[in-house]
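Reader: I have a model open and would like to learn how to read it. Could we take it one feature at a time?

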Amino acid sequence: MSKDSSLKKLSQLLADSYVLMLKTQNVHWNVVGMPFFTIHTMTEQQYTELFTAVDVIAERMRALGGKSPGTMKDFLAQTKLKEGAGGGDFASMVKELTDANNAISTELKKMVDGTDDPATEDLFVQRMHVHDKAAWMWNSLMADPMVAQAAKSVAAPAAKAAPAPKVAAPKPAATKPASAKPESKSAKAKKKKAKKPVAKASPAPAPKVEAPKPVAKPAAKPASTSKRSGRLVRDIKNVG
Ligand SMILES: [Fe+2]
């Protein structure tokens, strides 16, 4: 009868310890905030210790001739703890771990009462020491003024952000200010000149090919000598 009672208590302690180990790892993995390194280190120490503890508890059950539960379904069915919310700020995470350690310690005090198995009772007392110490350490961390202040600021609802002042969109600059003087002729000419596209460099002129010179016709033959002599005779006659 006492053996069955011990096995039942050990089974619940195993389930509680396993769920607490996962809760502690959850905080180890997901904690953010100012005391990150402290919490990250403390959780690692605690889940490592719990990993050894669940083995000792399960093997005590086997030593008593019982069978140890070994599935999450079994653990969730027997644990007195609630599963972690899986998020939140560091203060709520630490509170969850503090409460879980206190809850296991309270259960262990009940387990010690009425146990007539000294070895199992001794195990319960040892585990009580561990969980009381863990709860004290978490409470001490939260008592640190800087951590407490950080926890307060995290817990405080975010102040409503003041609406951003309306900033008038800049008006597009007028293309022609009303007060602008009419452009002078010289200014217009300058603008026109500036707008005038730069003349493209004209391609080099093709080399001139000289047309072949027409072959010169032979000069006309001078009047024949006979014609000239006839004219001379006539001229002499006219003179005589
Ligand atoms: Fe780690």
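Reader: Leaving aside its neighbours within four places in sequence, which residues is S68 in contact with?

Author: A word on the source before the reply: this is a predicted model. Once neighbours within four places in sequence are left aside, S68 is in contact with L14, A58, M61 and R62. S68 itself sits in the loop between α2 and α3 (72–78).

Reader: Is S68 buried, exposed or partly exposed?

Author: The step here is to count C-beta neighbours: 20 or more inside 10 Å means buried, 12 or fewer means exposed, and anything in between is partly exposed. S68 has 17 such neighbours inside 10 Å, so S68 counts as partly exposed.

Reader: And what is L14 in contact with, again leaving aside neighbours within four places in sequence?

Author: L14 is in contact with V54, I57, A58, S68 and P69.

Reader: Let me step back to the whole chain. How many helices and strands does the protein chain have?

Author: The protein chain has eight helices and zero strands. Read from the N terminus, its elements therefore give the order α-α-α-α-α-α-α-α. Of the 240 residues in the protein chain, 22% are buried.

Reader: How much of the contact in the protein chain with a separation of 6 or more comes from residues 24 or more positions apart?

Author: Such residues account for 75% of those contacts.

Reader: How should I read the packing of two helices?

Author: Two packed helices are described by the angle between their axes and the distance between the axes. Take α1 and α2: they pack at an angle of about 160 degrees, and their axes are 9 Å apart. An angle over 145 degrees counts as roughly antiparallel, and α1 and α2 are therefore roughly antiparallel to each other. α1 passes α2 in a left-handed crossing. By class, the contact of α1 with α2 has 17 nonpolar, eight polar and two charged residues.

Reader: At what angle do the axes of α4 and α5 cross?

Author: The axes of helix α4 (residues 90–112) and helix α5 (residues 118–143) cross at roughly 155 degrees and come within 8 Å. α4 and α5 are therefore roughly antiparallel to each other, and their crossing is left-handed. The residues of this contact divide into 14 nonpolar, six polar and four charged.

Reader: Are α5 and α6 roughly parallel or roughly perpendicular to each other?

Author: Angles of 65 to 115 degrees count as roughly perpendicular. α5 and helix α6 (residues 145–155) pack at about 80 degrees, with their axes 5 Å apart, so they are roughly perpendicular to each other. In this contact, L141, M142 and A143 in α5 meet V147, A148 and A151 in α6. By class, the contact has six nonpolar, no polar and no charged residues.

Reader: Now a charged residue. Is K23 buried or exposed?

Author: K23, in helix α1, is buried, because 25 other C-beta atoms lie within 10 Å. Beyond its neighbours within four places in sequence, K23 is in contact with G84, E96, L97 and A100. K23 and G84 are 61 residues apart along the chain, yet their C-alpha atoms are separated by 5.7 Å.

Reader: Where is E96 found, and is E96 buried or exposed?

Author: E96 is found in helix α4. E96 counts as buried because it has 20 C-beta neighbours inside 10 Å. Leaving aside neighbours within four places in sequence, E96 is in contact with K23 and G84.

Reader: For contrast, is A85 buried or exposed?

Author: A85, found in the loop between α3 and α4, is exposed, with 11 other C-beta atoms within 10 Å. A85 and N26 are 59 residues apart in sequence and 9.5 Å apart in space, C-alpha to C-alpha.

Definitions and conventions
Residues numbered from 1 in each chain as written. Predicted model: local features only at pLDDT ≥ 70, side-chain atom pairs only at ≥ 80, totals over all residues. Axes fitted to C-alpha atoms, helices over the stretch in contact; angles between N-to-C directions. Helix = DSSP H or I, 4+ residues; strand = E, 2+ residues; numbered from the N terminus. Parallel < 35°, antiparallel > 145°, perpendicular 65-115°, else oblique. Left-handed = near helix turned anticlockwise from the far one by under 90°. Nonpolar A, V, L, I, M, F, W, Y, C, P; charged D, E, K, R; others polar. Contact = placed C-beta atoms within 7 Å.
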